[in-house]
Amino acid sequence: IAESFFPPELVMQHQQAIGLTDEQKEFFKQIFRKAQTRFTEMQWQMQDEAEKMVALVKLDSAIEQQVLAQLDKVLSLEREIKHLQVSLLIQIKNKLTAEQRTRLMEIKSRSK
């Protein structure tokens with residue numbers, strides 16, 4: 001799946017080579033900024049929930065239901081982060097022209 005998408009860094013590093021328009025640049029800046037803010041919030045949240053789970057597991061007698069409920073919170077946040085990542089990648093791909101996608105594929109293949 002990853003081969004079909006273009007990471008934000010790749011698009012930013014090669015914006016001139018692929019001929020991004022001003023409108024595309026503005027669009028990408030907006031979605032990257034929004035995604036970065038959300039990623040940061042969710043990472044803090046996930047770290048907090050993971051620490052709570054560690055504390056529960058370290059108890060002399062861990063209560064299975066509590067640990068599993070906390071695990072569900074951590075996994076839910078991980079799922080939400082992955083969902084956001086794929087959504088961002090789809091938005092990037094959809095905003096690029098066919099020619100720009102082809103150029104990025106060439107750039108990706110050369111860097112392997």
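These legends walk through a few close-up views of the structure. This is a predicted model, where local features need pLDDT of at least 70, side-chain atom pairs count only at pLDDT 80 or more, and totals for chains, interfaces and linings use all residues. Residues are numbered from 1 along each chain as its sequence is written, and side-chain values use heavy atoms, with hydrogens and water left out.

**View 1. Glutamate 49 sits in helix H2, residues 22–58.** Helices here are DSSP runs (H or I, at least four residues), numbered from the N terminus. Glutamate 49 is buried, at 12% relative accessible area; buried means under 20%, exposed over 50%, and partly exposed in between (1.4 Å probe, protein chains only). Leaving aside residues up to four places away in sequence, Glutamate 49 touches Gln70, Lys73, Val74 and Leu77, a contact being heavy atoms within 4.5 Å.

**View 2. Glutamate 80 forms a salt bridge with arginine 38.** That term takes a side-chain nitrogen of Lys or Arg within 4 Å of a carboxyl oxygen of Asp or Glu; here the closest N and O atoms are 2.8 Å apart. Glutamate 80 lies in helix H3 and arginine 38 in helix H2, so the pair ties together parts 42 residues apart in sequence. Arg38, Glu41 and Glu80 are linked in a salt-bridge network.

**View 3. In helix H4, arginine 103 and glutamate 99 are four residues apart.** They're separated by about one helical turn, and their salt bridge has its closest N and O atoms 2.2 Å apart. Arginine 103 counts as partly exposed at 28% relative accessibility, and glutamate 99 is partly exposed too, at 49%.

Terms used: Helices (H or I, at least four residues) and strands (E, at least two) are DSSP runs, numbered from the N terminus.
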